[in-house]
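I opened my notebook to look at one chain, piece by piece. I want to know what sits inside and what faces out.

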Amino acid sequence: MVMPDGVKLAATVLLPAGDMTPRSTILTRTPYGRQMFVPDHERFAHRGYAVVCQDVRGREDSQGQWQPMQYEKADGDATLDWIAAQPPVVTRICKRWYRW
């Protein structure tokens, strides 16, 4: 996922199998490494949700320099815009929090 300033943030996208009807999306952004959350998030995809799990800027597989809280709003907004532009049509987006 490319941010407006050109920095690429790594994300894993999980989609339910089957049809492409409009669905809700669960977004998780984490400094701890998205791969550790994928097994937990697969259960949401099995229940019909789309899931986006993203490494924040400068952490794990994402580019850029990690400066806690400095880029969170801009990167989060750009990520939400990216999700909203993807098929299947997104009806709702839910953000999961992991405290850091």
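First, a term I need: a polar contact is a pair of N or O atoms within 3.5 Å, and within protein one must be able to donate a hydrogen and the other to accept it. I also note that this is a predicted model.

**Entry 1: Arg29**

I looked up Arg29 and found it in strand β2, residues 23-30. Is Arg29 buried or exposed? Its relative accessible area is 5%. Buried means under 20%, so Arg29 is buried. Next I checked its side chain for partners. The side chains of Arg29 and Glu72 make a polar contact of 2.8 Å. A polar contact of 2.5 Å joins the side chain of Arg29 to that of Gln54.

**Entry 2: helix α2**

Which residues of α2 are buried? They are Glu72, Asp75, Gly76, Ala78, Thr79 and Ile83. These residues cover an arc of only 165 degrees around the axis, which puts them on the same side of α2. I then turned to the face of α2 pointing away from that buried side. That face carries the exposed residues Lys73, Asp81 and Ala84.

**Entry 3: helix α1**

I repeated the check on helix α1, residues 38-46. Its buried residues are Val38, His41, Phe44 and Ala45. Seen down the axis of α1, they fall within an arc of 100 degrees, so they line one face of the helix. The face turned away from the buried side holds the exposed residues Pro39 and His46. Just after α1, I came to Gly48, which takes a positive phi of about 100 degrees.

**Entry 4: two loops**

Where is Met36 found? I located Met36 in the loop between β2 and α1. Met36 counts as exposed, at 54% relative accessibility. I also compared Met36 with Cys53. They are 17 residues apart in sequence, and their C-alpha atoms are 9.9 Å apart in space.

My other loop stop was Leu15, between β1 (11-14) and β2. Leu15 has a relative accessible area of 44%, so I wrote it down as partly exposed. Which residues make the nonpolar surface patch of about 240 Å²? I noted Val13, Leu15 and Trp82.

Notes:
Residues are numbered from 1 along each chain as its sequence is written. This is a predicted model: local features need pLDDT of at least 70, side-chain atom pairs count only at pLDDT 80 or more; totals for chains, interfaces and linings use all residues. Side-chain values use heavy atoms; hydrogens and water are left out. Buried means under 20% relative accessible area, exposed over 50%, partly exposed in between (1.4 Å probe, protein chains only). Helices (H or I, at least four residues) and strands (E, at least two) are DSSP runs, numbered from the N terminus. The arc is that of the directions from the helix axis to the C-beta atoms. Patches are made of residues with over 30% relative accessible area and no salt bridge: like charges are joined within 9 Å, nonpolar side chains (Val, Leu, Ile, Met, Phe, Trp, Tyr) within 5 Å. Accessible areas come from the Shrake-Rupley method with a 1.4 Å probe; for residues, only the protein chains shown count as cover. A salt bridge is a side-chain nitrogen of Lys or Arg within 4 Å of a carboxyl oxygen of Asp or Glu.
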